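Reader: I am new to this structure. Please take a close look at one part, the place where the two chains meet.

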Amino acid sequence: MGLELEPLFQAWSCFRRRKFRQCSDLCAQLLEGPPGGQEADSEYSVFQAAWSLKTRALTEMVYVDEIDMDEEGIAEVILDENAIAQVARPGTSLKLPGTSQGGGPSPAVRPVTQSGRPITGFVRPSTQSGRPSTMEQAIKTPRTALTARPITSASGRYARLGTASMLTNPDGPFINLSRLNLSKYAQKPKLAKALFEYIFHHENDVKNALDLAALATEHAQFKDWWWKVQIGKCYYRLGLYREAEKQFKSALKQQDMVDTVLYLAKVYLRLDQPVTALNLFKQGLDRFPGEVTLICGIARIYEEMNNISSAAEYYKDVLKQDNTHVEAIACIGSNHFYSDQPEIALRFYRRLLQMGVYNCQLFNNLGLCCFYAQQYDMTLSSFERALFLAENEEETADVWYNLGHVAVGIGDLNLAYQCFKLTLVNNNDYAEAYNNLAVLEMRKGHIEQARALLQTASSLAPHMYEPHFNFAILSEKVGDLQRSYTAAQKSEEAFPGHVDTQQLIKQLKQHFAML
Amino acid sequence: AAGSGARRPRAGGRRRPTAAGTAMPEGKAAFREVLPKQGQLSVEDTAGMVLCKPKVLPLKSVSLEKLEKLQRAALEAARPEGAAPQPQP
């Protein structure tokens, strides 16, 4: 007995070493034992300590940074009650991606996402699905495996993770929320904070969490900024953005915190007020000079507003403060790649490799940069490693797609053909691969196949101009001028500045005038 | 009708690539500008089909990776229960 550690201390030690499963098991043993050993003078008993520690361990197991969590479902986009104007003025909305003043690369060089933004160098939960700019686009976008959106955020990832946490406790939930006397816990601030985080992050039960937070903030006589931030988080999840804004502002008045600024900016972004969010970040930077998360927030907003050059500048500022910031390095790297400087992009990606990032995406990017920077010795081995590290079929498809480009680059069209075919084997919704296959088929003179492939590509990705433009060219060649004209118009809609499309349309109009 | 250098043919016009300036000047000033005085010089510049561009893949943020890990773990935790009844019917 003498050699054994005090069990609560052992559990605490496990918690600090992030062995949460072990910690939770130890606490469970403590909780099952007789609730003895109470010290009369202490407000909290050992029993309560174990209980609190277990809640914290369970929370840590599924904890995801709430600032990064954002998911906008279709219902939220349609039933947007917060929109002030139907058509926002250019430069004031995130929903109008076409208004690019930043001099970023055109879609002829840099691929765009379905919302018409250039693809970014870094994905977060909120950028992953790509906010569709209009409702029309959200509905029009075909529901492939990757673009499928939850109907509402209430049915989205939060809820799925909530059920996930139940699976980790096969013998029923640790705390039965419906039996909990929340007002009793609200009286004990130390327990209440751990309990709140458990309800919010582990159980994903926002309503109960809000009840607890409301009681607790009342108990603290509205003087605890922490509870105000938590209430704001709950309101945000419930979609009550204006109420959330009030709570965050009130919390900021009491205690200036970077976190609160970030939450408040998130509210403004959801309300589609990027300029307000930018100002907020800049004011925050006055109070917290050089704060990386704030600078990074500014860069993200500029990037979403399609102002690539300003975004790049702010990302550089981030790197001045923190030269291991993965997001900034990746974004600057991809910017360089698409502004025709693959050598410089290669240096950024190599830096990431030195920092210990080791995944499929990085090796794929390294391979591409090596190829376009004419360092052919490393190209294929990078791609090989990327294929080896791919975790799912979508990633494999991406790597084969890029390998197809390498094959086109060295003129091995047979290999290119096979690469694009392999892309489609791995991901049947890969519109870019359909388009490129069509171009290769056309070279072989197989017009019918090319036409079918192009039609597939344009229905899968109506936001890309390439399939429409190619279809227009093909139809014009075989003399089907009407179809060529409609396709060319779609191409112009997707990429208004494309010179070849404009010429084709002009040419077709002259043809029609002659008739 | 002679334009300067290589010139895009006008839309609807005839595309007739003709040889022009066949006599190359010799000597040191070998590379002088060639301005054909007669005939039409044109380079056929039809718009070809375009390939989609190579895609640099975005890296994933830590929270996204954790989310995916949690989802995968949840799927795996759910699978043994779901897989067991399958062989029965």
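Author: **Where chain A meets chain B**

A:Val123 stands opposite B:Lys60 in β1(B). The two residues belong to a pairing in the parallel sense, over two bridges, of strand β1 (residues 122–123) of chain A with strand β1 (residues 59–60) of chain B. Strands are DSSP runs of E, at least two residues, numbered from the N terminus, and two of them pair if DSSP finds at least two bridges between them.

This is a predicted model, in which local features need pLDDT of at least 70 and side-chain atom pairs count only at pLDDT 80 or more, while totals for chains, interfaces and linings use all residues. Residues are numbered from 1 along each chain as its sequence is written, chains are lettered from A in the order in which they are written, and side-chain values use heavy atoms, without hydrogens and water.

In the whole interface, 62 residues of chain A are in contact (heavy atoms within 4.5 Å) with 32 residues of chain B. The buried area, meaning the accessible area (1.4 Å probe) that two parts lose on being put together, summed over both, is about 4100 Å² between chain A and chain B, and carbon and sulfur atoms give 65% of this area.

The rule finds four salt bridges across the interface (a side-chain nitrogen of Lys or Arg within 4 Å of a carboxyl oxygen of Asp or Glu). B:Arg72 forms a salt bridge with A:Glu391, and their closest N and O atoms are 3.9 Å apart.

For chain B, the mean pLDDT (the predictor's confidence in each residue, from 0 to 100) is 65, and 53% of its residues reach 70 or more.

Technical notes
Helices (H or I, at least four residues) and strands (E, at least two) are DSSP runs, numbered from the N terminus.
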